[in-house]
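Student: I've got a model open and want to talk through the strands and the charged pairs. Can we go through it together?
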Amino acid sequence: MSSKKRSHSSQMWLRRQQTDYYVQESKKRGLRSRAGIKLEELQVKDRIFKPGMLVVDLGSAPGGWSQVIRPWLGRHGRLIALDILPMDPLAAVEFIQGDFSEDEVLAQLESVVGDNTIDVVASDIAPNFTGIRGVDQARSMMLAELALAFALEHLKPTGSFVVKGFQGEGYDDFVRTLKSEFKKVVCRKPQSSRSESREVYIVAKERR
């Protein structure tokens, strides 16, 4: 992509950010990103998070999901967040910086979780997009599959998995896999998700 095209795309993105209702709403409420509003919509529909739960938030930076999840867990709940990027501290949120696809980082996460089985694995991970649709789709699905592998290894039998996906090659197969592993699977397009985006959130409950 030429620098001229990139500049035009950047200007369009900035204009959209400045006028987007949900961006403005998240700023007004002091949320770290509009992602928190998307998760709130899922919570209203699916009641994923409850007091006392142990939750792992994969791809947590800048903290949009962790920020809204933590109050839902109450004083006896526990939230462990992980991202390859740094994240400013949040009260009562344990943060690990690293790539959970790497064995060393995964081992660190597992040691922090300990023997406690996880109630919810939440993943809002997305790759650094290249603008090449096929490449971006493949990377997105790879990250979703890594998150699922972690969830299947560590969720308790009644546990839930919430993951961001992108409609395209590999998406339907991924949903079929989820349906084979969980009793209840729903795909959601939050109102706060941009209509032109291929972004979809999948909520899977009750391990088979």
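This is a predicted model: local features need pLDDT of at least 70, side-chain atom pairs count only at pLDDT 80 or more; totals for chains, interfaces and linings use all residues.

Student: OK. How many bridges join β5 to β7?
Tutor: Seven. Strand β5 covers residues 155-166, and β5 and β7 run antiparallel. Within that pairing, F161 stands opposite A204 of β7.

Student: And how many join β6 to β7?
Tutor: Six bridges, again with an antiparallel run. Strand β6 is residues 182-188. There, C187 stands opposite I202 in β7.

Student: Is β7 mostly covered or mostly open?
Tutor: Mostly covered. Of the nine residues in β7 (199-207), seven are buried.

Student: Switching to charges. How many salt bridges does the structure hold?
Tutor: Eight. Take E199 and K38: their side chains meet at 2.9 Å, N to O. This pair links distant parts of the chain, with E199 in β7 and K38 in helix α3 (residues 35-46), 161 residues apart.

Student: Is E199 buried or exposed?
Tutor: Buried. The cut-off is under 20% relative accessible area, and E199 has 7%. K38 is buried as well, at 9%.

Student: Which residues are networked with K38 and E199?
Tutor: D124 and K164. Salt bridges link K38, D124, K164 and E199 in a network.

Student: What does R188 meet in a salt bridge?
Tutor: D46, at 2.8 Å, N to O. That pair also links distant parts of the chain: R188 sits in β6 and D46 in α3, 142 residues apart.

Student: How accessible is R188?
Tutor: R188 is partly exposed, with a relative accessible area of 24%. D46 counts as buried, at 10%.

Student: What about E206, what's its salt-bridge partner?
Tutor: K184. The distance is 3.4 Å, N to O.

Student: New topic. Where does E25 lie?
Tutor: In helix α2, residues 21-28. E25 is buried, at 18% relative accessible area; the limit is under 20%.

Student: And how far apart are E25 and I37 in space?
Tutor: 8.8 Å, C-alpha to C-alpha. In sequence, E25 and I37 are 12 residues apart.

How values were computed:
Residues are numbered from 1 along each chain as its sequence is written. Side-chain values use heavy atoms; hydrogens and water are left out. Buried means under 20% relative accessible area, exposed over 50%, partly exposed in between (1.4 Å probe, protein chains only). Helices (H or I, at least four residues) and strands (E, at least two) are DSSP runs, numbered from the N terminus. Two strands pair if DSSP finds at least two bridges between them. A salt bridge is a side-chain nitrogen of Lys or Arg within 4 Å of a carboxyl oxygen of Asp or Glu.
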